[in-house]
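Work through the exercises below with the sequence and the three-dimensional view side by side, and try each task before you read its solution.

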Amino acid sequence: MHIVPLVLAVIVAVEHYYILYLEMFQTTSPAAQRSFGLDKEFLDDPRVQTLFKNQGLYNGFLATGILWGAFFAANSWSVVMFFILCVIVAAVYGGLTSSKSILIKQGIPAIITFITLLVFK
């Protein structure tokens with residue numbers, strides 16, 4: 001894989017590991033409150049924390065899939081492309097159903113990575 005899409009894919013993966021960290025381990029922190037636009041009272045609800053932890057796990061799977069594809073898979077381009085497309089679909093869905101900022105914060109980096117994967121194939 002070429003260096004430009006590789007670097008961008010790693011950035012997308014790191015972003016999703018950060019989301020995992022916020023959702024699984026820092027659910028009620030000021031950083032999580034700012035990032036998700038939710039108040040502390042809502043985030044203190046144990047049901048919300050359970051849902052966030054589950055969401056965080058899925059973000060970790062996406063990040064791990066991107067890195068596995070980039071560095072270990074036999075057909076790295078296909079694997080990274082698959083996981084980047086998963087991120088784009090999740091960002092579009094999140095942007096439509098939850099917050100438009102998801103589409104910007106998660107979708108734009110993934111879309112740029114997707115385009116560079118096509119250009120540098």
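**Exercise 1.** Find which residues I66 touches, not counting residues up to four places away in sequence.

*Solution.* Contact here means heavy atoms within 4.5 Å. With those sequence neighbours of up to four places left out, I66 touches A9, V12 and A13, and also V80, F83, I84 and V87. The model is a predicted one, in which local features need pLDDT of at least 70 and side-chain atom pairs count only at pLDDT 80 or more, while totals for chains, interfaces and linings use all residues. Residues are numbered from 1 along each chain as its sequence is written, and side-chain values use heavy atoms, with hydrogens and water left out.

**Exercise 2.** Determine which members of the largest nonpolar core touch the most other members.

*Solution.* A nonpolar core is a set of buried Ala, Val, Leu, Ile, Met, Phe, Trp, Tyr and Cys residues joined through side-chain atoms within 4.5 Å, where buried means under 20% relative accessible area, with a 1.4 Å probe and protein chains only. The largest such core has 18 residues, and I66, V80, I84 and V87 touch the most other members. Helices α1, α4, α5 and α6 each supply at least two residues of this core, and α5 gives the most, with seven residues.

**Exercise 3.** Decide whether T116 is buried or exposed, and state what T116 touches.

*Solution.* T116 lies in helix α6, a helix being a DSSP run of H or I with at least four residues, numbered from the N terminus. T116 counts as buried because its relative accessibility is 12%. Not counting residues up to four places away in sequence, T116 touches V4, P5 and L8.

Key. Buried means under 20% relative accessible area, exposed over 50%, partly exposed in between (1.4 Å probe, protein chains only).
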